[in-house]
Amino acid sequence: METVVLELLETAAIAISGFLIKKYVFLESDMEAKKQRVFYLVSFLVIGVVFLAFGKDAAGMAAILMIEVNVLLGRKKGHLWVLLLMIPLTGIINGLLGPLLLVPPYLMSLSEQETMIYQYVMYGILGVALLLFYAKGSVWRSWFRENMRSRSLRRSENTLLWVIGIIMLVFSNELAAQKAAGSIDAYTLYASNGAHRNELASFIMISSIAVFIMAVTIIVLIMQGNMRTFYHERVSGMQSGMITFMAEVVENRDDNTGGHIKRTADYVERIAKELKRRGVYPEILTDRYMEDMIVAAPLHDIGKIHIADAILNKPGRLTEEEFAIMKTHTTAGEELLTHAKAELGESGYLNTAVEMAAYHHEWWNGKGYPYGIDGEEIPLSARIMAVADVFDALTSKRCYKDAMPLTKAYAIIREESGTHFDPLVAEAFLACADDDF
């Protein structure tokens, strides 16, 4: 009876620790809260039925499979990789529980009865820790749920977990094999005088301890990485908000361009998504680059803060001298944002903001300003902004002109594709034209 109870506790520990590791270490998303609670209930009922019908080993496998199903249901993409996730996940679960339950009795030469008592105590400690986690950790769990929603493992973290998971799987299997063979049983660890240990079992035990410590260290580092990511994103968000506010202040000086930065940012996002959908510039248009570009878009005209009101709000056409001054808003914006980078630290969206501010008036054929560069020498973010900026200028009412009809504005974008605009960017923009710009 005692053995059955221990096996039931071991199965429960595998299931509970697996769900926790899936969420808090591998950062796999849960389903919607109500559905997730139902899934937990169904999972433990399935595991319990399998335990009663087929025993501990089958129930342990059922627990891993239910965790895998949970990962599958919680993911929006990458479903084919879910089965492969079973390898490191199983290794880490077994590699954490096995050494914890088997190594200390081996090292302390506990009898069979003493080993059972030790394992009951360990399960009790784990149970109390779990209850405290749910009773006292609600604030931390809420923080994790809200702020780790978009966090995923870095490649280095993922690699470490796979490596350590596979190693732990090997050693946990060896531990189980040695236990089944009696090599780590309390009565066969020692010869009659208690002086000679089974060398293979000793090696496996010591190795398991080392791997256990490595796994715990890696898990702690990942959890610390979660904290650093959260605070970094929080600071970056504050920086972005403050600088975007500055851009709105600059825009409010210009009577001609109310709402310009919001509209152009929207156009930039749509164009970028269409380019990505078409598979254009895949090496550049990563998810992070697109996020940075969308955040940076409102800053493209920030250099206008250096342009005098008399020029910025002149109701008629600018003279050559005035236009020369107006053109300096590109280099002024570049200088302002470069200075912001120096003060605030390296940032992806600030790098992109510098590009957009400096080069959004460059032309594909090299006849733009301020540097006269051409083709793909112009950063992609600036090429996208060029289309968005011109289209909004054409279709918006200014003090010196009326808004142009959409059909005519589309015709101009089409005509200047390959001269003013990157043809692929212009084509992507025109493909989005039906989205009610």
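Biologist: Are Phe19 and Phe39 buried or exposed?

Modeller: This is a predicted model, so to speak of local features we need pLDDT of at least 70, and side-chain atom pairs count only at pLDDT 80 or more, while totals for chains, interfaces and linings use all residues. Residues are numbered from 1 along each chain as its sequence is written, and side-chain values use heavy atoms, with hydrogens and water left out. Buried means under 20% relative accessible area, exposed over 50%, and partly exposed in between (1.4 Å probe, protein chains only). By that rule, Phe19 and Phe39 are both buried.

Biologist: How many aromatic pairs turn up in the whole structure?

Modeller: Rings of Phe, Tyr and Trp (its six-membered ring) pair if their centres lie within 6.5 Å; planes under 30 degrees apart are stacked, over 60 edge-to-face, the rest tilted. Searching the whole structure gives a count of eleven.

Biologist: What angle lies between the planes of Phe19 and Phe39?

Modeller: Their centres are 6.4 Å apart and the pair is edge-to-face, with the planes at 85°.
Phe19 sits in helix α1 (residues 2–24) and Phe39 in helix α2 (residues 33–54), so the pair ties together parts 20 residues apart in sequence. Helices here are DSSP runs (H or I, at least four residues), numbered from the N terminus. The angle again: 85°.

Biologist: Which helix holds Phe133, the partner of Tyr24?

Modeller: Tyr24 and Phe133 pair edge-to-face, 5.8 Å centre to centre. They are 109 residues apart, with Tyr24 in helix α1 and Phe133 in helix α5.

Methods. Helix = DSSP H or I, 4+ residues; strand = E, 2+ residues; numbered from the N terminus.
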